[in-house]
Amino acid sequence: MNATVDRLRAEGESLDALVAALEPGDWARPTPAAGWSIAHQVGHLQWTDEVALLAVRDPTAFVEVLAGAAGRPSIVDDEAAARAGQPPAALLSRWRSGRELLATALATATEQVPWFGPPMSPRSMTTARIMETWAHGQDVADALGVPRDLSDRLHDVAHLGVRTRDFSFRINHVAPPAEDFRVELSAADGEVWAWGPADAAQRVTGPAEDFCLLVTQRRERGQLALVATGADADQWLGIAQAFAGPPKSVVRGARATAEGLQE
């Protein structure tokens, strides 16, 4: 668990390094998410870190937030916009302090954590926060036109993408396949990360970064070097989604908020 929390901290620091030296005007740069600037992306992370901390510390109070969110379809946009309106220095400071408070709380948490998707173990919540930070960090990197740090933290994102296979089918009103898939992904250092039986008929292979971009819906499948073997695996790559929310057929593109699901 401590190692997972350390990776969460490192993912936050990686994005922090992209925005820390920005001029105030640069925070208004548009990102691939329509209507969202860099400030919106960081503001969204600030908000979700805050509500995740509430969920860890006071689950009852979080349930009240959840109930209020049910009547606010625009809550994600609204909260991002509200925080994007802060001076950049204040936004950055609040995001830094909030993400550290969350990491510290997760490191010692022992109870299930309620969330916008299914309740999660503290470790699953930590993995989900890594995934969301990475996904919104990708939006920022795209806005700035800079490459990403391809660290082994991608394994956390990929793992969540694999574990949410059945969810991806269900939200698209398709029964999940009964058999396990084999997923083999090539990391930046040449290591192969693998899930599922080695002899599975349904398979997905390709670069780990590409798979992570797909399951967080930061790139379209046609832009990625992923190969599916088998009809079910091929269908999955068209609907894969590692976060809670409407399916890709309803909400497309980078603003699909990565509210992480249970591992």
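Tutor: The sheet is open and has four strands, in the order S2-S1-S3-S4, with mixed pairing. Strands here are DSSP E runs of at least two residues, helices are H or I runs of at least four, and both are numbered from the N terminus. Two strands pair if DSSP finds at least two bridges between them. Strand S2 (192-195) and strand S4 (227-229) are the edges, each pairing on one side only. From one strand to the next, the twist averages 10 degrees. This is a predicted model, where local features need pLDDT of at least 70, side-chain atom pairs count only at pLDDT 80 or more, and totals for chains, interfaces and linings use all residues. Residues are numbered from 1 along each chain as its sequence is written, and side-chain values use heavy atoms, with hydrogens and water left out.

Strand S1 (residues 182-186) and strand S3 (residues 203-207) run in the parallel sense, joined over five bridges. Arginine 182 stands opposite arginine 203 in S3.

Next, the helices. H7 packs on the sheet and touches S1 and S2; contact means heavy atoms within 4.5 Å. The direction of H7 makes about 25 degrees with that of S2. Axes are lines fitted to C-alpha atoms, for helices over the stretch in contact, and angles run from 0 to 180 degrees between N-to-C directions. Helix H9 (residues 208-215) also packs on the sheet, touching S1, S2 and S3. The direction of H9 makes about 110 degrees with that of S3.
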